[in-house]
Amino acid sequence: MIAYEVALEVDLDLEDQIVEYFEHTHLPEMHATGCFVRISFEHLEPGRWRSRYECDSQAELDRYLADHADAMRADFARHFPVGATPSRQVWEITRTWGPDATDGAHRG
């Protein structure tokens with residue numbers, strides 16, 4: 001599995017607007033692409049947020065990047081041209097534990 005993470009540094013005066021946009025627009029649209037099996041939106045401290053998108057394979061992430069990323073990023077930039085700085089990382093999930101792991105581990 002692959003995890004695509006987008007961390008956001010957000011000006012505090014925009015934080016409520018960012019949360020509204022992510023919860024009611026951006027994350028539902030990301031889910032609707034069909035590229036991701038799980039999406040989470042996480043808060044660390046004032047002004048610091050992260051969205052995490054898990055997909056079954058690099059091919060699914062590549063499909064998102066080729067078919068959807070430009071439009072999603074442009075929409076975000078239209079809504080928040082200043083005051084929100086994203087940074088992106090791609091992680092390979094090499095092992096998981098818990099109820100979602102059928103045998104206690106997952107190898108990508």
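This is a predicted model: local features need pLDDT of at least 70, side-chain atom pairs count only at pLDDT 80 or more; totals for chains, interfaces and linings use all residues.
1. A word on terms before anything else: a residue is called buried under 20% relative accessible area, exposed over 50% and partly exposed in between, using a 1.4 Å probe and protein chains only.

2. Residues are numbered from 1 along each chain as its sequence is written, and side-chain values use heavy atoms, with hydrogens and water left out.

3. Now the overall layout. The chain has three helices and four strands, and along the sequence they come in the pattern β-α-β-β-α-α-β. Helices (H or I, at least four residues) and strands (E, at least two) are DSSP runs, numbered from the N terminus. Along the principal axes, the C-alpha atoms fill a box of roughly 45 × 30 × 20 Å.

4. On burial and surface: the chain has 108 residues, and 34% of them count as buried. Its accessible surface is about 6,700 Å², with 50% belonging to carbon and sulfur atoms; these areas come from the Shrake-Rupley method with a 1.4 Å probe, and for residues only the protein chains shown count as cover.

5. Contacts next, meaning heavy atoms within 4.5 Å. Take the contacts in the chain with a separation of 6 or more: 69% of them are between residues 24 or more positions apart.

6. For the aromatics, rings of Phe, Tyr and Trp (its six-membered ring) pair if their centres lie within 6.5 Å; planes under 30 degrees apart count as stacked, over 60 as edge-to-face and the rest as tilted. The structure holds 11 such pairs. Phe 22 and Phe 41 are a stacked pair, because their ring centres are 4.9 Å apart and their planes lie at 5°. This pair links distant parts of the chain, with Phe 22 in helix α1 (residues 15–32) and Phe 41 in strand β2 (residues 38–45), 19 residues apart. Phe 22 has 2% relative accessibility, so it counts as buried.

7. Another pair is Phe 36 with Tyr 53, whose ring centres are 5.3 Å apart and whose planes are at 45°, so this one is tilted. Here too distant parts of the chain are linked: Phe 36 sits in the loop between α1 and β2, and Tyr 53 in strand β3 (residues 48–55), 17 residues apart. Phe 36 is buried at 6% relative accessibility, and Tyr 53 is buried at 1%.

8. There is also an aromatic cluster to look for on screen. Ring pairs join Tyr 21, Phe 22, Phe 41, Trp 49, Phe 76 and Phe 80.

9. Which residues of α3 are buried? They are Ala 69, Met 72, Asp 75 and Phe 76. These residues lie on the same side of α3, because they cover an arc of only 135° around the axis, the arc being that of the directions from the helix axis to the C-beta atoms. An α-helix has 3.6 residues a turn, so residues three or four places apart point the same way. Cover for the buried residues of α3 includes β1 (2–10), α1, α2 (58–67) and β4 (84–92). On the other side of α3, Asp 70, Ala 71 and Arg 78 are exposed.

10. Arg 73 also belongs to α3 (residues 69–79), and it is partly exposed at 32% relative accessible area. Not counting residues up to four places away in sequence, Arg 73 touches Tyr 4, Leu 65 and Arg 88.

11. Back to Glu 29, which is in helix α1. Leaving aside neighbours within four places in sequence, Glu 29 is in contact with Met 72 and Asp 75. Its C-alpha is 9.9 Å from that of His 68, 39 residues apart in sequence.

12. Last, Asp 67 in helix α2. Asp 67 is exposed, at 54% relative accessibility.
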